[in-house]
Amino acid sequence: MSSNNHGAPVSEPAVRMVDGVKIYGEGETAVRALGGVSLRIERGQFTAIMGPSGSGKSTLLHTLAGLDTLEGGEAFIDGVALSTLKDRDLTLLRREKVGFVFQTFNLIPTLNAEENILLPISIAREDVEQDWFDQIVGTLGLDDRLHHLPTQLSGGQQQRVAVARALISRPIIVCADEPTGNLDSRASDELLGFIRAAVDNIGQTVVMVTHDPTVAAYADQVVFLEDGKVIHEMTDPNAESIFDYLKSLGE
């Protein structure tokens with residue numbers, strides 16, 4: 001069986017979960033945030049996770065990314081079972097194989113755009129792959145903003161810097177939690193277009209939590225959660241089909 005550059009069999013998805021269970025609290029106050037979720041995120045695929053408030057969207061994203069642990073079942077990143085890793089090894093795996101984009105941009109205000117993008121490389125004390133850096137910056141349209149501080153950038157530009165930072169270490173998967181939540185519609189559309197380009201042109205795998213059908217329509221598939229369980233998966237979505245399905249849940 002052939003392998004990719006990261007050593008895992010090509011047939012192994014970027015990330016998967018098998019019967020994932022997550023419980024917060026104990027006894028009568030316990031909340032079952034995930035109730036036996038099984039999910040595959042294929043390589044080079046853009047997946048959106050949707051569902052009502054409290055459905056487990058962010059919990060699913062965080063447990064897939066190794067930011068939180070499961071009480072039952074297993075999550076795998078690039079074929080590695082997360083529960084088998086010690087804390088230090090899990091931290092290294094997240095640093096090497098997972099990129100994060102949050103609703104708040106989380107840029108360092110004293111660093112310019114280029115320095116913010118290269119921060120994961122600097123922390124890991126690795127050399128910059130200049131061709132890869134140039135490709136990401138070009139894809140995200142940041143060539144003329146590299147020497148600007150975050151305060152000199154628009155919200156959309158700051159979020160594109162955050163996406164570039166997530167991509168620079170060539171992660172297996174980029175996890176985005178409501179990445180357009182603080183953007184206006186134009187900046188949101190631009191950002192999603194750039195993420196879509198990273199998937200199509202660079203082969204990046206992206207999983208994104210959103211509540212907005214228009215945002216989710218940029219994805220290759222949409223996974224719907226309710227009460228901590230996957231209730232539906234939609235491929236080749238559009239905003240209308242997503243909205244119609246969400247509307248049917250409320251009827």
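Strand 1 and strand 4 (residues 72-77) pair in the antiparallel sense over 5 bridges. Helices (DSSP runs of H or I, at least four residues) and strands (runs of E, at least two) are numbered from the N terminus. Two strands count as paired if DSSP finds at least two bridges between them. The model is predicted, so local features need pLDDT of at least 70 and side-chain atom pairs count only at pLDDT 80 or more, while totals for chains, interfaces and linings use all residues. Residues are numbered from 1 along each chain as its sequence is written, and side-chain values use heavy atoms, with hydrogens and water left out.

Valine 15 stands opposite isoleucine 77 in strand 4. Arginine 16 has phenylalanine 76 of strand 4 as its bridge partner. Strand 1 (residues 15-24) also pairs with strand 2 (residues 31-41), again in the antiparallel sense, over 8 bridges. Here valine 21 faces glycine 35 in strand 2. The hairpin of strand 1 and strand 2 has 6 residues between the strands. Within this hairpin, glycine 25 takes a positive phi near 85°.

Strands of a sheet pair through backbone hydrogen bonds, either parallel or antiparallel.

Strand 3 (residues 46-50) shows parallel pairing. It is joined to strand 8 (residues 206-209) by 4 bridges, and the two run parallel. Alanine 48 stands opposite methionine 208 in strand 8. Strand 3 also pairs with strand 9 (residues 221-226), in the parallel sense, over 4 bridges. In strand 9, valine 223 is the bridge partner of isoleucine 49.

Strand 3 is mostly covered, with 5 of its 5 residues buried. Buried means under 20% relative accessible area, exposed over 50%, and partly exposed in between (1.4 Å probe, protein chains only). In a regular strand the side chains alternate between the two faces of the sheet. Both faces of strand 3 are covered. Phe46, Ala48 and Met50 are buried on one side, and Thr47 and Ile49 on the other.

Threonine 59 lies in helix 1 (residues 57-64). Its relative accessibility is 12%, so threonine 59 counts as buried. Threonine 59 touches Lys22, Tyr24, Ala33 and Leu34, not counting residues up to four places away in sequence. A contact means heavy atoms within 4.5 Å. The C-alpha atoms of threonine 59 and isoleucine 23 are separated by 10.0 Å, and the two residues are 36 apart along the chain.

The protein as a whole has 9 helices and 10 strands. Its C-alpha trace spans about 50 × 40 × 40 Å along the principal axes. The radius of gyration is 18 Å, which agrees with the value near 18 Å for a compact globule of 251 residues. That radius is taken over C-alpha atoms, and the globule rule is 2.2 Å times the number of residues to the power 0.38. Buried residues make up 49% of the 251 residues. Of the contacts with a separation of 6 or more, 68% come from residues 24 or more positions apart.

The protein has 20 positive and 36 negative side chains. Lys and Arg count as positive and Asp and Glu as negative, with His and the chain ends not counted.

How values were computed. Charge placed at Lys NZ, Arg CZ, Asp CG, Glu CD.
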